[in-house]
Amino acid sequence: MRYTDGPSVACELYVEAAPPQVWELVTDIHLPARLSPELQRVEWLDGADGPRLGASFVGYNRHQQIGEWRTVCQVVELEEQRRFGWTVLDVDGRFAGPDGNCTEPAAAWCFELAPETTGTRLRQTARIGPGRSGISLFIDQMPEREEDLVAFRLDELRTNMTAALRSIRGLAEGDR
């Protein structure tokens, strides 16, 4: 799969906790920074103090192969106790490339919750592209390996997302 195809990854699991309890965890933008090896910290922008459509937050990231960078994320989906989604922009132009375009989302993320038996089915999705991101730097250097690079990044995201979802489950179920 090519980067411009908007490749994505999804992970899900069952949480033995009610949707309102899981919702509180997944809409806490500070929680992923505690669970992720890549996202280091976040903060709401422009006076926002919680998720609402159009609200933005800045994320400070670090990856061993590309160093540190900053993104601005905007909440684009918000359906109470059902969907929380945001897009990610390379606002500093770190990965913008020769055309300098950093207006297209570098990624899109979403949590989806669905009641199931006595708990919640929790799903997280991530789509990379169409805007440039850290992987674009490697694709520029090795265009003949694009599909391998995309597959590697999706595997990396899957591993991190699975660990984060398990941690969220542990937090939610630990509060019972």
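Modeller: Axes are lines fitted to C-alpha atoms, for helices over the stretch in contact, and angles run from 0 to 180 degrees between N-to-C directions. This is a predicted model, in which local features need pLDDT of at least 70, side-chain atom pairs count only at pLDDT 80 or more, and totals for chains, interfaces and linings use all residues. Residues are numbered from 1 along each chain as its sequence is written, and side-chain values use heavy atoms, with hydrogens and water left out.

Colleague: In what order do the elements of the protein run from the N terminus on?

Modeller: Helices (H or I, at least four residues) and strands (E, at least two) are DSSP runs, numbered from the N terminus. With that rule the protein has four helices and seven strands. From the N terminus on, their order is β-α-α-β-β-β-β-β-β-α-α.

Colleague: At what angle do helix α1 and α4 pack, and what is the handedness of the crossing?

Modeller: The axes of helix α1 (residues 19–26) and α4 are 10 Å apart, and the angle is about 130°. Angles under 35 degrees count as roughly parallel, over 145 as roughly antiparallel, 65 to 115 as roughly perpendicular and the rest as oblique, and α1 and α4 are therefore oblique to each other. A crossing is left-handed if the near helix is turned anticlockwise from the far one by less than a right angle, and right-handed if clockwise. For α1 passing α4, the crossing is right-handed.

Colleague: Which residues of α1 and α4 make the contact?

Modeller: Contact means heavy atoms within 4.5 Å. On the α4 side the contact is made by Ile-168, Leu-171 and Ala-172, and on the α1 side by Gln-21, Val-22, Leu-25 and Val-26.

Colleague: Is Arg-153 buried or exposed, and which residues does Arg-153 touch?

Modeller: Arg-153 lies in helix α4 (residues 146–174). Buried means under 20% relative accessible area, exposed over 50%, and partly exposed in between (1.4 Å probe, protein chains only), so Arg-153, at 16% relative accessibility, counts as buried. Leaving out residues up to four places away in sequence, Arg-153 touches Glu-38, His-63, Ile-128 and Ile-135.

Colleague: Which residues of helix α3 are buried?

Modeller: What covers the buried residues of α3 includes α4. In helix α3 (residues 134–141), the buried residues are Gly-134, Ile-135, Ser-136 and Ile-139.

Colleague: What percentage of the residues in the protein is buried?

Modeller: The count is taken over the 176 residues in the protein. Of these, buried residues make up 43%.
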